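Subject: The structure I promised you

Hi,

Here is the structure we talked about.

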Amino acid sequence: MAQLTDARNLLRTCPLCEAVCGLEITLDPDDHVSAVRGDKEDPFSRGFICPKGASLGHLDEDPDRVTEPLIRDRATDTWRTASWDEAFDYIARRFPAVVAEHGAGSAALYLGNPNAHTIAGALYVPVLIRALGTKNLYSASTVDQMPKQIASGLMFGDPLTVPVPDLDRTDYLLMLGANPLESNGSLCTAPDFPGRLKALQQRGGRFVVVDPRVTRTAKLADEHLFIRPGSDAYLLFGIVHTLFAEELTDIGIEVAGLDDVRAAAADFTPEVVAARTGVPADTVVRIARELAAAPTAAVYARIGTCTAEFGTVTQWLVDVVNVLTGNLDSPGGAMFADAAGGGINRTKPFRTGRWTSRVRQLPESMGELPVATLADEILTPGDGQIRAMITVAGNPVLSAPGGTRMAEAFADLEFMVSVDRYVNETTRNADVILPPPRPLQSPHFDFALLKFAVRNYVRYSRPLVPLGDRPSEAGVLARLGAAVSGQPHTGDVLGAVDEMLIAGTLEKAGLADRRHELYGETTTEQRIDMMVRLGPYGEWNEPSADSDGPRHALNLRKLLDNPHGIDLGALRPRLPGALRTASRRVELAPAQLLADVDRMRAGLAAVAPEFVLIGRRQLRSNNSWMHNVVRLVNGSNRCTLQVNPADVERLGLGQEAVVKSAAGTLTVPVEPTETIMPGVVSLPHGWGHADSPQSVASANAGVNANVLTDDSVIDVPSGNAVFNGVPVTLIPA
């Protein structure tokens, strides 16, 4: 049932990025979107909306989207529509047969980042993983944020215990490799990030941006510092060195390994790191002093630093600085959100490397292997070679490193199923495409993103448009899990899965006799009700030991009674209660990260290449899947190579340049701009839609930047792909 504000104005959370903005959507009598506005009564987003959210109706009703199951005839490479029963019957015959022929290790699953924005991704992808019974799990995490999660897991015992800047109260913000005025924030859920940064300045605070480009965020900042791509860890070590050398540390929490960090930082003097970063030594010292002197301060680093050679060490050092300056777990510093749908807490300390990949022996992290080795696992013959693949809302041919090789790999699979709304550069290789419903046909609850919110908040949105006779996305994933594992895939598979999971969770919580209290129109809603009741604000949960906030006694009924969302208060200190380390202290010097410092020392003597490539965020884009809406591919959303004018003149570049790396070659339109530092060039991520069946995307194809990235180059501790600081050469086209 829709949540009405007036005749046809409906409420829901935007599912298109990490900002979780509240929307007010006007539907006409035929359930078409006629207007989208920001929800001014949402206590978190307060009416903020970006061009992506304003275009939700165009995405929801994209005429090129897949609306019925498709089956591909490999002989003719043509598609035909199929009924849901026919599609699942075909999968149930073919997928298990391929796995039976090649062994259990021949199946794999790839998850794209839209899964973080859906209830189905949070609650039913784990069901699919268990059904597959394979260790070949890959996701967009290892082309994005895995370094931050590894660093957090090693320091705090849980990779989802990620500190975020307390934006609304901080006096000083140091931001590295992040551009939230374009991205809307990442691993830092903060609707109206621009407004929050302006408010910081209006209350007398200061924020500094470190980036190889003068981004939109850098233009707003009080100070911008150019830095050579991939060298952020050196800059942070220079700050750490200064904090120790000048006795500026002020640690207010229990930590282990302080002396080890001091020893590790000894070699990274401001003068040494200046030569590697391009940031003057006196500036390094000044930033360290400013962080230490500010009443409150936070360091925040994102994708530009994660997708680099020393991504995990960088993310570790971010929080080392937050600890040393007394700003971790302190109001106005870097704090931990307490999400309402948290459920039962992790009980064992985090570790990596429980298994390794077959070909390159890269270690597992958070149950998955680095996508940088996915092509190896498909193309390399032998026991365990991947022959059957499922993708869910992912396009690794464009988003993963070594794009040309990745395309070759997906074309080599024996059988593939994709849960996706488009035939795209990856799913064109599938044998079956199972489309999810329109976004407005799905409920919404942010299980993942509210773990990284800058204010505690919760909101649930029911579907605004009826499903009709098609299955929900949760139903698709539950039935797919049954089909690929040889289980019965007809009947109420989703209901059976939900009842099993509800019973198991309640039994573990000692509440098996309270099943009858759960509310919801579907078993999925009843699972959400259960998780909210068991969460830190739930009516089945006493306030946690690390929380002195008010009781909210949340359940699903209360969320439905508050359709604009519920403000649960400012972030509160959560340590030591949130720690899951064996020592119950913050592990300031994890052995895996100290070991990578030796690789950094060796990098001090490396000869810098003449040019390096970095990525670029765009306000009206989100990776590869928003390029089929006219209003989102115009203006500044262009696939161009940004080059400093001095480099353009020196190389004699014209309208196009040939860019070559160790992995491949592209010819790209040149965009001269003073906003990028000399010796650095920039291409946006997610383009390259030549020959796409998506009409708007193919007319604005651009080039795939990952033709230039090398899947053999990774951040060692996390296995994350390296997209920033890629050595390239340029010549006129």
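S418 has its bridge partner I433 in β17. Two strands count as paired if DSSP finds at least two bridges between them. The strands and helices themselves are DSSP runs (E, at least two residues, for strands; H or I, at least four, for helices), numbered from the N terminus.

Before going on, please keep in mind that this is a predicted model: local features need pLDDT of at least 70, side-chain atom pairs count only at pLDDT 80 or more, and totals for chains, interfaces and linings use all residues. Residues are numbered from 1 along each chain as its sequence is written, and side-chain values use heavy atoms, with hydrogens and water left out.

Back to the sheet. β16 and β17 belong to an open sheet of seven strands, ordered β5-β4-β17-β16-β15-β6-β7, with mixed pairing. At its edges sit β5 (78-81) and β7 (137-139), each pairing on one side only. On average, neighbouring strands here are turned by 20 degrees against each other, direction ignored. Helix α19 (residues 473-484) lies across β15 (388-392), β16 and β17, and runs at about 165 degrees to β16. For such angles, axes are lines fitted to C-alpha atoms (for helices over the stretch in contact), and the angle between N-to-C directions runs from 0 to 180 degrees. Contact means heavy atoms within 4.5 Å.

There's another open sheet to look at, with four strands in the order β11-β10-β9-β13 and parallel pairing. Its edge strands are β11 (223-225) and β13 (298-301), which each pair on one side only. From one strand to the next, the twist averages 15 degrees. Strand β10 (residues 206-210) pairs with β11 in the parallel sense over three bridges, and V209 has H224 in β11 as its bridge partner. Helix α10 (residues 232-245) lies across β9 (172-176), β10 and β13, at about 150 degrees to β9.

For some antiparallel pairing, go to strand β28 (residues 726-732), which three bridges join to strand β23 (residues 611-614). There, F611 stands opposite V728. Strand β25 (residues 656-660) also pairs with β28 in the antiparallel sense, over four bridges, and V659 has L730 as its bridge partner. One thing to remember when you look at any sheet: in a regular strand, side chains alternate between its two faces.

Now for the charged side chains. How many salt bridges does a search of the whole structure find? There are 45, where a salt bridge is a side-chain nitrogen of Lys or Arg within 4 Å of a carboxyl oxygen of Asp or Glu. Here are three of them to click on:

- R37 and E24 form a salt bridge with their closest N and O atoms 3.7 Å apart. R37 lies in strand β3 (residues 33-38) and E24 in strand β2 (residues 22-27), so the pair ties together parts that are 13 residues apart in sequence.
- R438 and D60 meet at 2.6 Å, N to O. R438 is in the loop between β17 (432-434) and β18 (444-445), while D60 is in helix α2 (residues 56-60), so to speak a link between distant parts of the chain, 378 residues apart.
- R601 and D598 meet at 2.7 Å, N to O. They are three residues apart in helix α23 (residues 591-603), so about one helical turn separates them.

Are R438 and D60 buried or exposed? R438 is buried, with a relative accessible area of 13%, and D60 is buried at 0%. Buried means under 20% relative accessible area, exposed over 50%, and partly exposed in between (1.4 Å probe, protein chains only). R601 is partly exposed at 28%, and D598 is partly exposed at 49%. Salt bridges that share partners also join R514, E517, D529, R533 and E539 into one network.

Last stop: S183, in helix α7 (residues 180-183). S183 counts as buried, at 7% relative accessibility. Leaving aside neighbours within four places in sequence, S183 is in contact with C17 and R617.

Happy browsing!
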